[in-house]
Amino acid sequence: CNPQGQTIDLTGILERLNAGEVVIGDGGFVFALEKRGYVKAGPWTPEASVQYPDAVRQLHREFLRAGSNVMQTFTFYASDDKLENRGNNLKLTGAQINEAACDLAREVANEGDALVAGGVSQTPSYLSCKSKADVKAIFRKQLDVFIKKNVDFLIAEYFEHVEEAVWAVEVMKETGKPVAASLCIGPKGDMHGVSPGECAVRLVKAGAQIVGVNCHFDPMTCVETVKQMKVGVEKAGLKAHYMVQPLAYHTPDCNCQGFIDLPEFPFGLEPRILTRWDMHKYAREAYNAGIRFIGGCCGFEAYHIRAIAEELAPERGFLPSASEKHGSWGAGLEMHTKPWVRARARRDYWENLKPASGRPQCPSMSVPDSWGVTKGHADLMQQKEATSKEELEQLFDKSKTH
């Protein structure tokens, strides 16, 4: 799986970024594995690392072959409070899942030029207003496994509230490992209205060496958000590296809550998927903005990551292994049997294409649900018990008024 013409270099994440290298992240594991039948939408928990390790291992390998330099452990939402939330009784602990995920990520990382990142994400406990000490204890329990397994660096990802992300970073700094912090926010800031620039400053002051955003918004929106973070950090006289791992979905109609507020979430999003050519534009925009850790989140498949690696091949000096089966800008179509398809074997065709959805009655954009609730609201208080029919009926009724 070694990239074409590349010498294996296993220096750490900060050494790579300090040297100006481009680090390519991986893609959206929970969405990819849900589509493949290994993750349940709703809880979005990563028990597949224990129950279906071959599926997780194969997805790691696909991203590695496509050009990823980071094998992020499949530990999204693997805190114990999330694993038992709302009737999600898995009979598995976070430690069991996290250990299995670390082993799988390391196995595949060792097959190429990749680092292993252990990740933690936002918790139901925070949404239910548990104390800072309680939430930090949840993070610390997860990090104990990452230290035991000696991951290369840590990521606090998918945080809607900068306060909780800061708590995660503070615990991560105790480990001595490099720390990245990635919020799922857009240009309007976190769910309490803290601006991207201020969010980044707080994260850097807490100890994060890499800051950025992931998920919830499309690539160009995420790049714009990281630009604001960069301005805030520099204005404060601080230094950091920057990362971006957006959705693979177009989200021009999203509000501050992001794509989870769209009526199509999560089962009707396919018409919004970005093409590989959109990803070329994203990679170039991110690079030009000074972002050097560039990857993807929900909706990203291996071919999207390959597009990033191909766009940035001039800067990186090599192509990923998966490019063996992909001609530059559609060049492989030169071999097609149909002449009108051979005529598409050129960059200007794909770069200027305006893809049709094929859905005559569909609008170009949606109206977000906009319930306007976040941490502390009664509707967001979490529970171990499964959601009752009565509770669901109340939600169904409420949704009709929005």
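A salt bridge is a side-chain nitrogen of Lys or Arg within 4 Å of a carboxyl oxygen of Asp or Glu. In this predicted model, a search of the whole structure finds 24 salt bridges, and the views below show some of them.

**View 1. The salt bridge between Arg16 and Asp113.** In this pair the closest N and O atoms are 2.8 Å apart. Arg16 belongs to helix α1 (residues 13-18), while Asp113 sits in the loop between α6 (94-109) and β3 (115-120), so the contact ties together parts that are 97 residues apart in sequence. Both Arg16 and Asp113 are buried.

**View 2. The salt bridge between Arg106 and Asp152.** Here the closest N and O atoms lie 3.0 Å from each other.

**View 3. The salt bridge between Glu264 and Arg272.** The side chains of these two residues meet at 3.4 Å, taken from N to O. Glu264 is partly exposed, because its relative accessible area is 22%, whereas Arg272, at 9% relative accessibility, counts as buried, because the cut-off for that class is under 20%.

**View 4. A network of salt bridges.** In this view, Asp54, Arg57, Arg61, Glu107 and Glu111 are linked to one another through a network of salt bridges.

Notes
Residues numbered from 1 in each chain as written. Predicted model: local features only at pLDDT ≥ 70, side-chain atom pairs only at ≥ 80, totals over all residues. Heavy atoms only, no water. Helix = DSSP H or I, 4+ residues; strand = E, 2+ residues; numbered from the N terminus. Buried < 20%, exposed > 50% of the residue type's maximum accessible area, 1.4 Å probe, protein only.
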